[in-house]
Amino acid sequence: MTVLLGWGAAEHGTGDDAALQLAAGLALAEDSPAVVVTVVPPGPISATASRIDREYLQWRAALTATRQAEAVTGLRRAGVDDVRTAVVPGAPVPAGLIEAVGDYRARVLVLGAAATAPPGRFAAGPVAERLLHSSPVPLALAPRGWAGQTPPTRLTCAWAGPARSGEALVSARATAGRWGVPVRLVTFVPEPVTVPPAAPWPDPGPAPETVLAEGPGWEGAMAAVAWESGDVLVLGSSRLGPAGRVSLGSAAAEILRVAPVPVLVVPRGADGTPSHS
């Protein structure tokens with residue numbers, strides 16, 4: 001199994017290494033190799049390709065190599081010894097990343113925020129937006145400019161009752177077991193309720209910490225939670241989405257928008273074990 005980092009050459013010079021830092025932390029937690037994957041559109045293959053086409057392909061290859069070398073250096077500096085790179089020809093980019101997930105037996109796919117995201121928050125660019133409705137493995141999403149602790153030290157599972165969040169809890173527990181970290185359950189309440197959903201914890205041993213986060217709107221509810229630098233927030237997929245795929249629902253999308261920590265979105269039907277199709 002590997003931790004796969006989606007790394008776009010077009011992002012050269014943005015200065016935001018949040019996704020790289022998150023990938024490093026997850027690779028250390030999983031004790032897995034990190035694979036830096038850049039998807040590029042297939043270039044002209046005709047023998048009559050113009051000089052401009054050939055020069056463009058040479059420039060793109062050099063830029064991709066530079067960006068991947070930067071990622072390798074950063075991952076190794078963060079303590080990840082086994083780092084690999086791959087350039088995947090394909091279009092569109094989300095399809096190429098899904099192909100790489102299968103080829104490299106990825107346990108998780110890590111993506112950064114759009115350049116337009118507010119500092120400290122995640123906003124999906126076109127690639128992430130597509131994968132938030134199609135990825136076959138959990139997506140680990142880094143807020144813009146995030147520089148938290150690696151590897152993660154706690155998983156916080158967004159909890160809205162067994163019917164809506166049971167699969168997310170199963171995945172969070174399995175992941176926490178591999179990483180050796182505790183699980184916390186948080187129910188986000190953007191408006192007052194009388195009875196919050198209970199969290200079943202049938203296993204022996206102490207039940208996890210539970211938090212009822214009430215506040216004005218989603219930002220207020222998120223602000224009611226005490227976050228630490230090693231936290232990762234787990235979100236489940238919509239019950240209406242396809243089995244075995246990430247499918248972000250409306251409430252989860254609101255939580256993702258205001259989360260100040262990395263978010264792990266798990267596919268519908270997730271049990272903590274990745275499946276590739």
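Reply: Let us begin with burial: a residue is called buried under 20% relative accessible area, exposed over 50% and partly exposed in between, with a 1.4 Å probe and protein chains only. This is a predicted model, in which local features need pLDDT of at least 70 and side-chain atom pairs count only at pLDDT 80 or more, while totals for chains, interfaces and linings use all residues. Residues are numbered from 1 along each chain as its sequence is written, and side-chain values use heavy atoms, with hydrogens and water left out.

Me: On that scale, is E30 buried or exposed?

Reply: E30 counts as buried, because its relative accessibility is 13%.

Me: With which side chains does E30 meet in a salt bridge?

Reply: A salt bridge is a side-chain nitrogen of Lys or Arg within 4 Å of a carboxyl oxygen of Asp or Glu. Helices (H or I, at least four residues) and strands (E, at least two) are DSSP runs, numbered from the N terminus. E30 also meets R178, at 2.7 Å from N to O, and since E30 lies in helix 1 and R178 in helix 5, that pair ties together parts 148 residues apart in sequence. R107 is buried, with a relative accessible area of 17%, whereas R178 is partly exposed at 32%.

Me: How many salt bridges are found in the whole structure, and which residues do shared partners join into one network?

Reply: A search of the whole structure finds 9 salt bridges. One of them pairs R154 with E209, at 3.8 Å from N to O; R154 lies in strand 6 and E209 in strand 8 (residues 209-214), so the pair ties together parts that are 55 residues apart in sequence. Salt bridges that share partners join R154, R184, E209 and D231 into one network. Within it, R154 is buried, with a relative accessible area of 11%, and E209 is partly exposed, with 42%.

Me: Over the face of which ring does R184 lie?

Reply: A charge sits over a ring if NZ of Lys or CZ of Arg is within 6 Å of the ring centre and within 35 degrees of the ring normal. R184 lies over the face of W227, at 5.1 Å from the ring centre.

Me: How should I read helix 5, and what do its buried residues pack against?

Reply: Start with length, for which the expected span is 1.5 Å times one less than the number of residues. The 18 residues of helix 5 (residues 162-179) should therefore span 26 Å, and the end C-alpha atoms are 24 Å apart, which agrees. Its buried residues include S165, G166, A168 and W179. Counting contact as heavy atoms within 4.5 Å, the buried residues of helix 5 pack against helix 1 (18-30), strand 6 (154-158), strand 7 (183-189) and strand 9 (231-235). Just after helix 5, G180 takes a positive phi of about 70 degrees.

Me: Where on helix 3 do the buried residues sit?

Reply: The buried residues of helix 3 (residues 93-103) are P94, G96, L97, A100 and V101. They cover an arc of only 160 degrees around the axis, which puts them on the same side of helix 3; the arc is that of the directions from the helix axis to the C-beta atoms.
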